[in-house]
Amino acid sequence: MPLWVQLRCGLEPRTLAALTVVLIAASVFAAYHFWTGRPQTVRAPVRELPAAVAAPTAAAMPTVAAVPTGVPAGVRPSGVVVVDVAGKVRRPGIQRLPSGSRVVDALNAAGGSRPGTDTTGLNRARVLTDGEQIVVGATASPPGAGAAGNAGSPAGSGNPGGPGGSGSPSGPISLNAATVDQLDTLPGVGPVLAQHIIDYRTRHGGFRSVDELRQVNGIGNRRFTDLRPLVQP
């Protein structure tokens with residue numbers, strides 16, 4: 001600096017040099033802040049659109065099993081029949097078999113009949129119905145046996161309940177143990193009425209007396225009078 005400035009301000013060279021360094025540092029600091037604080041271009045944010053709701057594909061839609069015609073709403077066929085195999089079999093009791101199974105399949109599931117058991121009166125080819133009972137080894141006379149047995153007996157000694165004794169079994173049939181085929185041998189009882197008797201027995205846990213036959217669908221007073229002496233609980 002000129003000498004006159006130094007003399008006027010009364011500054012020594014060392015002090016003046018320090019002041020100059022401070023001024024330069026302040027200028028650099030101010031220039032840095034000015035540069036960093038300058039306005040800058042800011043890019044507008046990209047607006048995110050909501051993802052489109054994808055239509056459900058055929059693979060994602062739940063599969064509804066087809067219900068056969070005639071099946072009530074809310075009821076699905078299980079494909080299984082439950083039967084009670086009783087009598088002279090190796091493993092008597094409840095058996096669960098596929099729908100469409102026959103009596104022979106139920107016998108095999110129960111271990112088969114015991115040695116020496118007579119199964120001639122059992123229709124092993126019959127298709128099973130859910131809830132029925134199969135009794136193995138119960139004796140039942142074939143149709144016409146009653147008439148043959150009464151042919152040589154005195155008049156009036158035939159079965160009082162049968163129509164002339166023709167086609168009636170030789171002894172009382174147990175309502176709680178008879179099969180459809182055995183009940184079918186009774187006079188006036190066909191396969192449909194025999195199944196009604198089985199259904200009533202299943203629903204009510206068996207017959208406690210012969211008089212309960214009156215409550216079976218299809219048995220009126222006249223038919224009950226004919227059947228009463230031919231059956232027992």
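## Helix α6 and the residue after it

G205, which follows α6, has a positive phi, near 75 degrees; helices here are DSSP runs of H or I with at least four residues, strands are runs of E with at least two, and both are numbered from the N terminus. This is a predicted model, in which local features need pLDDT of at least 70 and side-chain atom pairs count only at pLDDT 80 or more, while totals for chains, interfaces and linings use all residues. Residues are numbered from 1 along each chain as its sequence is written, and side-chain values use heavy atoms, with hydrogens and water left out.

The helix α6 has 14 residues and reaches 20 Å from its first C-alpha to its last, close to the 20 Å expected at 1.5 Å a residue, where the expected span is 1.5 Å times one less than the number of residues. Its buried residues (under 20% relative accessible area, against over 50% for exposed and in between for partly exposed, with a 1.4 Å probe and protein chains only) are L193, A194, Q195, I197, I198, Y200 and R201. These buried residues of α6 pack against β3, α5 and α7, contact being defined as heavy atoms within 4.5 Å.

## Nonpolar cores

A nonpolar core is a set of buried Ala, Val, Leu, Ile, Met, Phe, Trp, Tyr and Cys residues joined through side-chain atoms within 4.5 Å. The largest has 21 residues, and L183, L186, I197, L213 and I219 are those with the most contacts inside it. Two or more residues come from each of α5 (180-183), α6 (191-204) and α7 (221-227), and α6 gives the most, with five residues. Another core, of 13 residues, lies apart from it and includes V81, V89, A106 and A110.

When neighbours within four places in sequence are left aside, L213 is in contact with L175, I197, F207, I219, F224, L227 and V231.

## The aromatic pair

A search of the whole structure finds one aromatic pair, the criterion being that ring centres of Phe, Tyr and Trp (its six-membered ring) lie within 6.5 Å, with planes under 30 degrees apart counted as stacked, over 60 as edge-to-face and the rest as tilted. The rings of Y200 and F207 have centres 5.1 Å apart and planes at 35 degrees, so the pair is tilted. Both Y200 and F207 are buried.

## The three-stranded sheet

Three strands form an open sheet of mixed pairing in the order β2-β1-β3, two strands being paired if DSSP finds at least two bridges between them. The edge strands, each pairing on one side only, are β2 (93-98) and β3 (133-136).

Strand β1 (residues 80-87) runs parallel to β3, to which four bridges join it, and G87 has V136 as its bridge partner in β3. Between β1 and β2, which run antiparallel, there are six bridges; the partner of V80 in β2 is P98, and β1 and β2 form a hairpin with five residues between them.

## Two loop residues

T179, in the loop between β4 (173-174) and α5, is buried, with a relative accessible area of 2%. Leaving aside neighbours within four places in sequence, T179 is in contact with L122, V135 and I198.

S113 lies in the loop between α3 (103-109) and β3 and counts as partly exposed at 27% relative accessibility. Although S113 and K88 are 25 residues apart in sequence, their C-alpha atoms are 5.8 Å apart in space. Not counting residues up to four places away in sequence, S113 touches K88, V89, R90, T119 and V136.
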